[in-house]
Amino acid sequence: MQSAREVAFFLKKRADIEEEYGKKMIKLAQSTNEAYERTHPDPKTFGTTWLSFLKVHEKIGEQRVKFATDIVEVADDVHIMCKDIEKSRKQIKETGNKHERTRLDSELALDKCKQKYYTSSEEWEKAILVRNNGDGDHYPKKGLFKSNKSPAQLKKLVDDSCTKADQAHSLYKHQLVTTNATRHDYFNSQLPSDLITLKSVDDECCAAIKYQLARYGYIYEKSLVADGYALDNDDGLGLRSLTQKIDYRLDMDDAVRDYTEKAMLFNKSDIPYREYAMSPAAINILKPNPVFGVDLTRLMQRDKQEVPMIVKKCAEAIEAHGLRTVGIYRVSGTSTQIHRLKNEFDRDCASVDLNTEENLSDINNITSVLKLWFRELPDSLFPRSSYEQFMKAAKIENDRMRVLGLHTVINDLPDAHYATMKYIMKHLYNVQQNQEFNKMTSANLSTIFSMTLIAGDQNTSITSQDSHRLADTQWQVKVIQTILEKYHLIFELEE
């Protein structure tokens, strides 16, 4: 833009002094040359061409000025173009600032939500520790805990702080999604669009300058035939020849490169979720006997039950209230309710009552928490050590021999895995027996539970294990489907 203004200024001046001719013309060309060199120590293709323009004018300082009117017209066009370009650049800048403010405001809101979540979680943790310790050894009795409270008051304090922490957690995660979406939109759409628009405006300006200078050169040549050699000689120093040397794309690349070296870099990746990390003491209070993420054999030894209590409770509630629900196990529940049930089971599995109105309002919450429990087992229900044996049995073409092969592998499983597998397969068998109502055939159930119940080989890495699981998907489904369809042949009846 500065270059365009200088061109317009020069042409206006050139028209004003054209009649005076002579020394004044030489003086103007020299002064403009010196001024430009001072303000542009590193001229680009335009700057180099412009300085050559001024040298030509020094040579033809005594030429006539009959084309003054034409020069004024060119100067006016450049001036109008400058105003239009300046207006467009201002609008683009305002739009870009608005987009950036939106992103910064969203990030600020996220920081506030995150701080509120951490503060609420810390208060919840303090309340839990105070209720557990009774005497408040971990924290001095001041502020909220300055007086002794009854167990009922402490329980209410824990419940209230838990509710506030849950609300702050939900608000934080919601704001996190919103902020990441805003950032994604800003860096992938708005910012590139603003830069492209700005570049197109600058390209238009450069092209217009180049055109007007070429136009000026043509008028100059036509008016000053007598000085034709100075205007367009074989050395390529004529005005029209010089304009062809202007490479505004190269100038733009150099300008962007110079700016990039000085500008700060943006981190365009999404802001990760940072969960509040509770102390081990608080976790032990909240989950004295957890059931999620605990090995089946350890659960059986700890709870003295062959089939984990959570599996029995979920299966019994589903068979009592959900066997005829369309899409059972296929439709997911609500994430907040699933998280609530998981925490209740981890806190005290025996006290969980799934037959309440809240828990039965959506049976899919119970099916989802049961699938989640299976997914979080350290070693899946179908152990990694037996993965290859299951896959070999599934690939047997003869139905009778396939059933016999699966029966042999299952009988060799650890007691906890065998008992739990027998129970859950009997439950899924009961579900598919009601497929007339719930539309869940053995094929549907096998597809859903194959990746949940069957893990990869323990001797392979995580990356190769994932690729093997993907390649073996059809055989994993075949294992579950065969067991469901031949349940009474694979598992010996206890009667």
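Author: Apart from its neighbours within four places in sequence, Ala-168 is in contact with Lys-116, Tyr-117 and Ser-120. The model is predicted, and everything said here is about that model. Ala-168 is part of helix H5, which takes in residues 151–223. Its relative accessible area is 4%, and a residue counts as buried under 20%, so Ala-168 is buried. One of its contacts, Lys-116, is 52 residues away along the chain, yet the two C-alpha atoms are separated by 6.3 Å.

With 14% relative accessibility, Gln-175 counts as buried, because the limit is 20%. Not counting residues up to four places away in sequence, Gln-175 touches Ser-106, Ala-109, Leu-110 and Cys-113.

The setting for these two positions is the whole chain. The protein chain has 22 helices and zero strands. Of its 495 residues, 43% count as buried. Among contacts in the protein chain with a separation of 6 or more, 80% are between residues 24 or more positions apart. The pair Ala-168 and Lys-116, 52 residues apart, is one example of a contact over such a separation. The accessible surface of the protein chain is about 27,700 Å², and 51% of it belongs to carbon and sulfur atoms.

Two packed helices are described by the angle between their axes and the distance between the axes. Helix H16 (residues 399–411) packs against helix H21 (residues 473–485) at an angle of about 95°, and the two axes are 11 Å apart. Angles of 65 to 115 degrees count as roughly perpendicular, which is why H16 is described as roughly perpendicular to H21. H16 contributes Arg-402, Val-403, Leu-406 and Ile-410 to this contact, and H21 contributes Lys-478, Val-479, Thr-482 and Ile-483. Sorted by class, the contact of H16 with H21 has five nonpolar, one polar and two charged residues.

Helix H15 (residues 387–394) also meets H21: their axes come within 9 Å and cross at roughly 80°. This angle is in the range of 65 to 115 degrees as well, so H15 and H21 are roughly perpendicular to each other. On the H15 side the contact is made by Tyr-387, Phe-390, Met-391 and Ala-394, and on the H21 side by Trp-475, Gln-476, Lys-478 and Val-479. In this contact of H15 with H21, six residues are nonpolar, one is polar and one is charged.

The buried residues of H21 are Gln-476, Val-477, Val-479, Ile-480, Thr-482, Ile-483 and Leu-484. The 13 residues of H21 should span 18 Å at 1.5 Å a residue, and its end C-alpha atoms are 18 Å apart, which agrees.

The same check works for helix H11 (residues 309–321): its 13 residues should span 18 Å, and the end C-alpha atoms are 18 Å apart, in agreement. In H11, Ile-310, Val-311, Lys-313, Cys-314, Ala-315, Ala-317 and Ile-318 are buried. Their cover includes helix H12 (335–347), helix H14 (363–375) and helix H17 (415–433).

Lys-304 sits in the loop between H10 and H11. Its phi is near 60°, a positive value in a residue other than glycine. With 70% relative accessibility, Lys-304 counts as exposed, because the limit is 50%. Lys-439, in the loop between helix H18 (435–438) and helix H19 (442–453), likewise has a positive phi of about 60° although it is not a glycine. Lys-439 has a relative accessible area of 52% and is exposed.

Pro-288 is in the loop between helix H9 (280–286) and helix H10 (296–303). At 47% relative accessibility, Pro-288 counts as partly exposed. Neighbours within four places in sequence aside, its contacts are Asp-346 and Arg-347. From Pro-288 to Asp-348 there are 60 residues in sequence, and 7.8 Å in space from C-alpha to C-alpha.

Terms used. Residues are numbered from 1 along each chain as its sequence is written. This is a predicted model: local features need pLDDT of at least 70, side-chain atom pairs count only at pLDDT 80 or more; totals for chains, interfaces and linings use all residues. Side-chain values use heavy atoms; hydrogens and water are left out. Axes are lines fitted to C-alpha atoms, for helices over the stretch in contact, and angles run from 0 to 180 degrees between N-to-C directions. Helices (H or I, at least four residues) and strands (E, at least two) are DSSP runs, numbered from the N terminus. Angles under 35 degrees count as roughly parallel, over 145 as roughly antiparallel, 65 to 115 as roughly perpendicular and the rest as oblique. Contact means heavy atoms within 4.5 Å. Ala, Val, Leu, Ile, Met, Phe, Trp, Tyr, Cys and Pro count as nonpolar, Asp, Glu, Lys and Arg as charged, and the others, Gly among them, as polar. The expected span of a helix is 1.5 Å times one less than its number of residues. Buried means under 20% relative accessible area, exposed over 50%, partly exposed in between (1.4 Å probe, protein chains only). Accessible areas come from the Shrake-Rupley method with a 1.4 Å probe; for residues, only the protein chains shown count as cover.
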